[in-house]
Amino acid sequence: MAHFASPMPSREFLWDVFSRVDKDRSGYISADELQVALSNGTWTPFNPETVRLMIGMFDKQNRGTVNFEDFGALWKYVTDWQNCFRTFDRDNSGNIDRNELKIALTTFGYRLSEGLIDMLLRKFDRSGRGIIFFDDFIQCCVVLYTLTAAFRQYDTDQDGIITIHYEQFLSMVFNLKI
């Protein structure tokens with residue numbers, strides 16, 4: 001997502017946001033606090049799975065929370081995803097339709113079949129309307145990236161084919177932070 005990157009906001013700005021999100025004044029932001037603070041543009045709660053994924057990515061102490069230092073990176077991550085989402089939401093509808101999803105994934109370097117794009121749309125479309133909102137778009141892209149990275153560890157000759165034993169497969173899947 002490098003070409004969608006935004007500048008890092010000031011420490012003062014981040015502290016102000018962190019303080020407002022940290023409702024219980026614990027010095028840490030929980031998944032519940034983060035979920036309330038984030039907006040997916042639909043007036044519905046931000047996808048709890050997406051929140052859990054993002055907390056897991058930036059939680060250096062494995063506590064299920066992020067401290068202020070981790071929060072800066074998390075804030076930049078969400079802002080970069082917003083910029084990315086807006087880039088692919090070509091009709092400014094506030095969601096990504098099938099064609100916009102295909103363009104986004106192709107831009108990210110994925111060469112997926114039409115059937116797999118349809119499957120991703122069904123999997124990450126929580127509204128049942130053939131569209132993906134901001135929070136679900138993040139989850140779709142993070143899960144796809146994580147699965148691809150895990151696959152590539154075994155695809156040493158990079159031909160798109162791996163041979164693994166059942167327990168290797170289970171170990172690979174259960175070790176993923178998704």
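Begin by selecting D80, which is buried, with a relative accessible area of 8%; here buried means under 20% relative accessible area, exposed means over 50%, and partly exposed lies in between, with a 1.4 Å probe and protein chains only. The model on your screen is predicted, so local features need pLDDT of at least 70 and side-chain atom pairs count only at pLDDT 80 or more, while totals for chains, interfaces and linings use all residues. Residues are numbered from 1 along each chain as its sequence is written, and side-chain values use heavy atoms, with hydrogens and water left out.

K76 is partly exposed, at a relative accessible area of 23%. Because D80 and K76 stand four residues apart in helix α4, about one helical turn separates them; helices are DSSP runs (H or I, at least four residues), strands are likewise DSSP runs (E, at least two), and both are numbered from the N terminus. An α-helix has 3.6 residues a turn, so residues three or four places apart point the same way.

Next select E69, which is exposed at 53% relative accessibility, together with R11, its salt-bridge partner at 3.1 Å between the closest N and O atoms. R11 lies in helix α1 (residues 11–21) and E69 in helix α4, so this pair ties together parts that are 58 residues apart in sequence. The structure holds ten salt bridges.

**Helix α3**

Move to residues 48–58, helix α3, where T50, V51, L53, M54, I55 and F58 are buried. Which elements do the buried residues of α3 pack against? They pack against β1 (29–30), α2 (31–37), β2 (65–66), α4 (68–88) and α7 (134–154).

At the N-terminal end of α3, select N47, which caps the helix with a side-chain oxygen 2.8 Å from the backbone nitrogen of E49. The side chain of E49 also meets that of R52 in a salt bridge (2.7 Å, N to O). E49 is partly exposed at 35% relative accessibility, and R52 is partly exposed at 37%.

**The cysteines**

Select C84 and C141 together, and ask how far the sulfur of C84 is from the closest cysteine sulfur. The distance to that sulfur, in C141, is 6.3 Å, too far for a bond, since a disulfide is a pair of cysteine sulfur atoms within 2.5 Å. C141 is in no disulfide, the nearest cysteine sulfur, that of C140, being 5.1 Å away, and by this rule the count comes to zero disulfides. C84 is buried at 0% relative accessibility, and C141 is buried at 5%.

Select F151, found in helix α7 and partly exposed at 28% relative accessibility. Leaving aside its neighbours within four places in sequence, F151 is in contact (heavy atoms within 4.5 Å) with G160, I161, I162 and M172. F151 and V173 are 22 residues apart in sequence and 9.7 Å apart in space, C-alpha to C-alpha.

Finish with F169, found in helix α8 (residues 166–174) and partly exposed, with a relative accessible area of 39%.

Key:
A polar contact is a pair of N or O atoms within 3.5 Å; within protein, one must be able to donate a hydrogen and the other to accept it, and residues adjacent in sequence count only if both atoms are side-chain atoms. A salt bridge is a side-chain nitrogen of Lys or Arg within 4 Å of a carboxyl oxygen of Asp or Glu.
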